[in-house]
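Hi,

Here is the model I said I would pass on. Have a look at it first, and then read my notes below.

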Amino acid sequence: MKKISAINDFVVKFANVNGSGSASANELFARAILRMGVPVSPRNIFPSNIQGLPTWYEVRVNEAGYLGRRGGCDLMVAMNPQTWDADVKEIEPGGYLFYDSTRVLPKSKFRDDITVIGMPLTQITNEAYTDVRQRQLFKNIIYVGALSALLDMDPKAVEQLFGEQYKGKEKLIDSNLKALHMGRDYAFANLNCGEMGLKVKPANNVGKKIFIEGNNAAALGCVYGGATVCAWYPITPSSSLAEAFQKHCSKYRVDAVTGKNNFAIIQAEDELASIGIVIGAGWNGARSFTATSGPGISLMTEFIGLAYFAEIPATIINVQRGGPSTGMPTRTQQADILSCAYASNGDTKHVLLFPEDPKECFDFAAEALDLADRLQTPIFVMTDLDIGMNTRLCEPLEWKEGREYDRGKVMTAEELEAGKDFGRYLDVDGDGIPYRTYPGTHAKRGAYFTRGTTKDRYARYSEEGPVYVDNMERLVKKFETAKNLVPLPLTRKAQRASKFGVLYFGSTSPAMNEALDVFDEEGIHVDAMRIRAFPFHQSIMDFIAAHDHVFVVEQNRDAQLRSMLLTEGNLNAAKVIPVLHYDGTPITARFIVSAINDQMALFNVTPLKKVAQ
Amino acid sequence: MTYLTKPKLHHPSLVTNKLGYTRRDYEGAISTLCAGCGHDSISAAIIQACFNIDLQPHRVAKLSGIGCSSKAPTYFLGGSHGFNTVHGRMPSVLTGANLANRDLIYLGVSGDGDSASIGLGQFAHSMRRGVNMVYIVMNNGVYGLTKGQFSATADKGSKSKRGVINTDSPVDMVALALQLGATYVARSFSGDKAQLVPLIEGAIAHQGAAFIDVISPCVAFNNHPGSTKSYDYVREHNEAVNRIDFFHHREEITTDYAPGSVQEVVQHDGSVLRLRKLHDDYDAHDRIGAMNYLQEHHAKGEVVTGLLFVDPEPDDLHSHLNTAEVPLNTLNRPALCPGAAALDKINASLR
């Protein structure tokens, strides 16, 4: 048997039972490696359940900094008897199995092409602790200790983390240290650490990067971007976003003098009310947002049409999960692209932003609030479970000191008093964006009636055909204006000119970056463009025009973004090739490379010579 | 429906209120509802109430859902911002608007289809939250715009114009509002302006969730024999528990009342509701008593009207949320953005 041997480049997977306290121990393990200067990307794979069902925590250790899911597992920490068979099966040949050997298992339960490391964890904890809860929690710390020994990790990194986590609670620091070292000591004394071929070696590849969940970063973006009203309804995987907003507001938005809140958060009765509250607040001049997921968007759709047609700012953060219907609530997908882009009955188009990581969740959340005010329309931030609920290494968050909010075109009492012509739906600047007034601005001027029915340039109800068309055309013009206001796409050119291009967006980014490096190494030339927003900027259409074959990589079944590209760009469908991954797991570089290689092989086929007549 | 502007000709001798506004300044476009529609009487009562208490029209935001009732805000307070939202969802939009600017007066106008059928959930939750607003339901028991289907407030056994008997139990919105914690609950009749106008005045002065259910006969589809929401039926079965006089501030009682027949309520803003009790046993401060009274009389087929419950010291959503005294929509970057230095600290904590 050839053992896998790797330094700073492997995947560890923890198989646990939900609610057993394993999550924090596993995160401790990941953070300790980060502290050693080695990038990691952990992913929670969890059920829609609170206690008792299987849950996994997958940590990719990668010194080169690839943060996409790799696939496969080199070391399985098998702590859940329920999933034992599948977990053991998943280990790569030559890989390692670490398990609790308190209870002897028959030989048939193992494989002979892997290295098995057993440690009587239950026995050790039961001997050391009497309290049931302590036994459960410290068992997790003990196995982290043993792993740190096996993988040659620096115990100081873990010790330091304990110190930070339990600052001021010295008792907890001591008890955790004790458990950690109990695990390490046992491993050194009883396990053959030398037979473990996976090792962590100190490196210097983390730098100033931060480790944060996308939902937390998006919530901070809403705080920095000036959102004052948040209305939401609990739904996985978005709930932690609204909860993080609450937490940050409690810290940063309470007036020091009055003790009053410069924010209002409503946990509404459903998503209909959430978006209704957001729209009401936006209509009345407050920056407002909601966070939801696919089923929530389905419910909000009527209101989204109202906000589009009545032209009311609203920011909607959609942390996408697997659909349709209740779908896969705890798995990831990019499958709400169409349902958001064209949400509502009638003809509508909405602005979508596609963040690639927590850093862009922060940036785009703040940007969305500006865009909503500027464009007076709903703006969607299309994040997903993979970015939203996993802690991800990314560039530090930045805020330019003195950056002001763009409140858009709002006519003031002074302008109204001076007799400036106010038509709520009048395009005075030629960009399709009219002026609005906040309710209560002026005693005699500027009041108007907002409605979801059709109206003329002065907001007067009218079902006249030409008046309706005039307004609809202006809305198209406004959408054109949006093209140059939204984040532009980013291009990565291949080393040599290529007839192949690839388009991708959102959470596909880390896997795609890795795949592109693989292509570079293999001498396969593919130009890449990351789309960051809808409406599509002209440069996206130019990119497609400049290549013979363009792959569109997406995490949904129906190639939703591709459909939009075809429709909006009036493209030849044969030229635009879907690459689709939608089983609910995050897309991997392995998948992208393999799928694109397969397609390319078809294009590179040398045509058969014509048979001589 | 087309948009009709009213000619802006004022008679020079029109009476003005303390702000110098005439009653006309509180009007809106010409109504396109059917002649004799109860809703127009309610619009007129709103206009009268706003004029009487010297409201600045532009400091009112009027919001509605969809339906005949929800069209009504076009026909009053033309100087106010209005918002005709989506069917049954006015309460959430009003809640958001209220959160954005606590300084305006929020007038929610809805109907029985809009609030008791499609929008029952939002109605209930806005009451629960104690949104500071005046929520008026123009209740005719029927869908007018779609030509005469029963709504959820139609009484069991009542007959539609086409002769169909309603077999479903009715939703009593007043009973719901009482149960859900509304702090000002009234019922009135569109044909009884003397009762309705002061009820609206009192509701506007009330600093909490004020709900008024106004029975408003539909002349086109629900004003026939067999209907329990017709002018005749309501007039015959109207059981007023009190009549109120509304005063901006406490004024001396000059009229002679029989002992025990007047209940005076001083609201938080200093305004006074003087309840001339028509039933000595009725106490408008007793929520549970009101609920019982309502059910007992409903069982007898009586329509109980008047100010049924009032809490003179209500709290509202803003007090629950401890929001800033200044409107949230006036806050800008300095008050809202923690700044670059704070972000550096946040970054440092995430390493």
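**Helix packing in chain B**

In chain B, α6(B) goes past α9(B) in a left-handed crossing. This is a predicted model, so please read everything below with that in mind. The two helices cover residues 173-180 (α6) and 287-299 (α9) of chain B, and their axes come within 10 Å and cross at roughly 160°. Since angles over 145 degrees count as roughly antiparallel, that makes α6(B) roughly antiparallel to α9(B).

If you want to find the contact on screen, pick Val174(B), Ala175(B), Leu178(B) and Gln179(B) on α6(B), then Arg287(B), Ala290(B), Met291(B) and Leu294(B) on α9(B). By class, the residues of this contact of α6(B) with α9(B) come out as six nonpolar, one polar and one charged.

**Where the two chains meet**

Next, the contact between the chains: 55 residues of chain A touch 51 residues of chain B. On the chain A side, the elements giving two or more residues are β9 (210-213), α7 (214-224), β10 (229-232), α9 (271-283), α10 (294-310) and β17 (449-451) of chain A. Which of them gives the largest share? That would be α9(A), with nine residues.

β17(A) is joined by three bridges to strand β2 (residues 81-84) of chain B, and the two strands run parallel. To see the pairing, look at Thr450(A), which stands opposite Phe83(B) in β2(B).

**Domains of chain A**

How is chain A divided? The domain assignment gives domain 1 (6-199), domain 2 (212-394), domain 3 (410-487) and domain 4 (490-603).

I looked at domains 2 and 4 of chain A as a pair. Their centres, taken over C-alpha atoms, are separated by 27 Å. Domain 2 of chain A puts 21 residues into the contact and domain 4 of chain A puts in 20 residues. On the domain 2 side, at least two residues each come from α11 (337-341), β14 (351-353), β15 (378-384) and α13 (385-388) of chain A. That side of domain 2 of chain A, where it touches domain 4 of chain A, has twelve nonpolar, four polar and five charged residues.

**A five-stranded sheet in chain A**

Chain A also has an open sheet of five strands, in the order β18-β20-β19-β22-β23, with mixed pairing. Its edge strands are β18 (490-492) and β23 (576-580) of chain A, each of which pairs on one side only. From one strand to the next, the twist averages 20°.

Inside the sheet, strand β19 (residues 500-505) and strand β20 (residues 527-531) of chain A run parallel and are joined by five bridges.

Helix α17 (residues 538-545) of chain A lies across β18, β19, β20, β22 (549-554) and β23 of chain A, and runs at about 155° to β20(A). Helix α18 (residues 560-569) of chain A lies across β19, β22 and β23 of chain A, running at about 135° to β22(A).

**Helix pairs in chain A**

Helix α4 (residues 132-150) and helix α6 (residues 170-190) of chain A pack at an angle of about 45°, and their axes are 7 Å apart. That makes α4(A) oblique to α6(A). The crossing of α4(A) past α6(A) is right-handed. Residues that meet there include Phe138(A), Ile141(A) and Ile142(A) in α4(A), and Asn176(A), Ala179(A) and Leu180(A) in α6(A). In this contact of α4(A) with α6(A) there are 14 nonpolar, five polar and one charged residues.

The other pair is helix α1 (residues 22-35) and helix α5 (residues 155-165) of chain A, whose axes come within 8 Å and cross at roughly 115°. The crossing of α1(A) and α5(A) is right-handed too. Leu28(A), Arg31(A), Ala32(A) and Arg35(A) of α1(A) make the contact with Ala157(A), Val158(A), Gln160(A) and Leu161(A) of α5(A). Sorted by class, the contact of α1(A) with α5(A) has five nonpolar, one polar and two charged residues.

Cheers

Methods. Residues are numbered from 1 along each chain as its sequence is written. Chains are lettered from A and ligands numbered from 1 in the order in which they are written. This is a predicted model: local features need pLDDT of at least 70, side-chain atom pairs count only at pLDDT 80 or more; totals for chains, interfaces and linings use all residues. Axes are lines fitted to C-alpha atoms, for helices over the stretch in contact, and angles run from 0 to 180 degrees between N-to-C directions. Helices (H or I, at least four residues) and strands (E, at least two) are DSSP runs, numbered from the N terminus. Angles under 35 degrees count as roughly parallel, over 145 as roughly antiparallel, 65 to 115 as roughly perpendicular and the rest as oblique. A crossing is left-handed if the near helix is turned anticlockwise from the far one by less than a right angle, and right-handed if clockwise. Two residues are in contact if their C-beta atoms, placed from the backbone, lie within 7 Å. Ala, Val, Leu, Ile, Met, Phe, Trp, Tyr, Cys and Pro count as nonpolar, Asp, Glu, Lys and Arg as charged, and the others, Gly among them, as polar. Two strands pair if DSSP finds at least two bridges between them. Domain bounds come from an automatic or database domain assignment.
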